[in-house]
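Subject: Structure handover

Hello,

Here is the structure you asked for, with the sequence. My notes on what I found in it follow below.

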Amino acid sequence: MIQMLIAAPGSGSGKTTAVCALLAALQRKGKTPCAFKCGPDYIDPMFHRSVLGVESHNLDLFFSTPETVQQLYARGASGHGAAVCEGAMGFYDGLGGVTDKASGWQLADTLGLPVLLVVRPKGVSLTLAAQVRGMQSFRSPSHLAGILLNDCTERLYHLLAPMLEQETGLPVVGYLPHLESAVIESRHLGLKTAGEIKDLQSKIAMLAETAEQTIDWERLKIVFDVPAPVQSEKRKTAKSRVKIAVAKDEAFCFTYAETLETLESAGAELYFFSPLKDGDLPDAVDGLYLPGGYPELHAKVLSENEGMRSAIRQAVENGLPTVAECGGFLYLGQSLEDGEGRSWPMVGALPGQGIKVGRLVRFGYAELTAKADSMLFKKGETLPVHEFHHWDSTENGTAFEAQKSNGSCWQCGFANENFYAGFPHLYWAGTPLPERFTAAAEKYHRRKNR
């Protein structure tokens, strides 16, 4: 089975472009590939799904134990002919930027994956070999198995490849040239989402066609063909007992596939709806999940959908078990500023006003500790979380204490026996959260049907 982790010396090396090109080309070659993302990023897996038409999964060694990550990888790779995992930032960059914990290297080491290093040969030649040699020796084993030259001309590839192979001992399996018409646009939270990229499928097709011509596939197969992972146990799905409404549209699109899968395994039947377009919640639901996304980019439309805002406010006030993360948390507030600074009324179930800050706020991993028992948490319980937002709220809550590895801490979140809302993104796989949420939904179901 072809398996690899795609890494780079740093962000901006074109990992996502290279991954999409490889996945699309592997798809064309009949390898039925699957995809994974190292770390907490929501956006890159959207591109993987657009390429494949199947789910992409996140693998994160801050959120999960090595055993959980190994199980998730084996389960996701099962039945596929190739598995491509996209790294995060620089290969060794992990928690806090000063450790290798939760880095691409640690994930490759945990899963035993060979690594394809994507490098941009801009302004360097022999020095590039020195950089690669440094990466090879920084940790042992490095798991580096091959090099792909990105944004590289054919002439430069033929010049650099023999030198890099001689100096590093790593095979250069090909190159990707600069394709201006296949550039993927960015904005304040990174790349634009896959659904927003104009002509994305044509861009991906162009990348695939190019990769088929500029990559040595026979050589790549020799280097990256390793035994398929062994799935220790199949995911067990309980009989559906409750109905959970899940917001899913352009404004609410940051959802981990593993979270939805674990909710289903815990006995939830998921009903997707759009706070942008639908006039009401799905009928007879027992729980509500509002994930993150870009509500700030759709504040006017969300505000003008008064029927949905009213339905959600009434449902929350009536005790419908509800989880709202980041963008979902902002949506439940009193108002939300859009990108131009105009304020729009929101659901009004929480006291805060969403405001534009213009920079990343409390960005990164943290540990969330509960101050009291609630629907999802026990008092004193700690869970790893992640924050990634350019907007803030005038009322962030005080139900939890969040702390980063550098010692900085803050109060955040709202919680009670039926509710969790806050900026921190939760990762549900390998935790008791799915069972607790479905238990609360089941209790609500029994109460409303008395």
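In this predicted model, five strands make up an open sheet with antiparallel pairing, in the order β21-β20-β17-β18-β24. The edges are taken by β21 and β24 (425-426); each has a single partner strand, so one side of each is left without a neighbour in the sheet. At the β24 end, strand β18 (residues 382-387) is joined to β24 by two bridges, and the two run antiparallel. Val385 has Leu426 of β24 opposite it.

Is Trp410 buried or exposed? Its relative accessibility is 14%, and the cut-off for buried is under 20%, so Trp410 counts as buried. Leaving out residues up to four places away in sequence, Trp410 touches Arg362, Ala366, Glu387, Phe400, Glu401, Ala402 and Lys404. Two of these contacts can be described further. The side chains of Trp410 and Glu387 are joined by a polar contact of 3.4 Å. Phe400 is ten residues from Trp410 along the chain, and their C-alpha atoms are separated by 8.4 Å.

There is also an open sheet of six strands, with mixed pairing and the order β11-β10-β12-β13-β23-β22. Here β11 (268-273) and β22 (414-416) are the edge strands; each has a single partner strand, so one side of each is left without a neighbour in the sheet. From one strand to the next, the twist averages 15 degrees. Within this sheet, β12 (residues 287-290) pairs with β13 (residues 322-325) in the parallel sense, over three bridges. Leu290 stands opposite Ala324 in β13. Helix α13 (residues 433-448) lies across β10 (242-247), β11, β12 and β13, and runs at about 115 degrees to β10.

On confidence: the average pLDDT of the chain is 92, and 94% of the residues score at least 70. One stretch to treat separately is residues 187-191, where pLDDT stays under 50. The model has 25 contacts beyond four places in sequence for residues 187-191. Where pLDDT is low, the predicted coordinates should not be read in detail.

Regards

Terms used:
Residues numbered from 1 in each chain as written. Predicted model: local features only at pLDDT ≥ 70, side-chain atom pairs only at ≥ 80, totals over all residues. Heavy atoms only, no water. Pairing = 2+ DSSP bridges. Helix = DSSP H or I, 4+ residues; strand = E, 2+ residues; numbered from the N terminus. Axes fitted to C-alpha atoms, helices over the stretch in contact; angles between N-to-C directions. Contact = heavy atoms within 4.5 Å. Buried < 20%, exposed > 50% of the residue type's maximum accessible area, 1.4 Å probe, protein only. Polar contact = N/O pair within 3.5 Å; in protein donor to acceptor, adjacent residues only side chain to side chain. pLDDT = per-residue confidence, 0-100.
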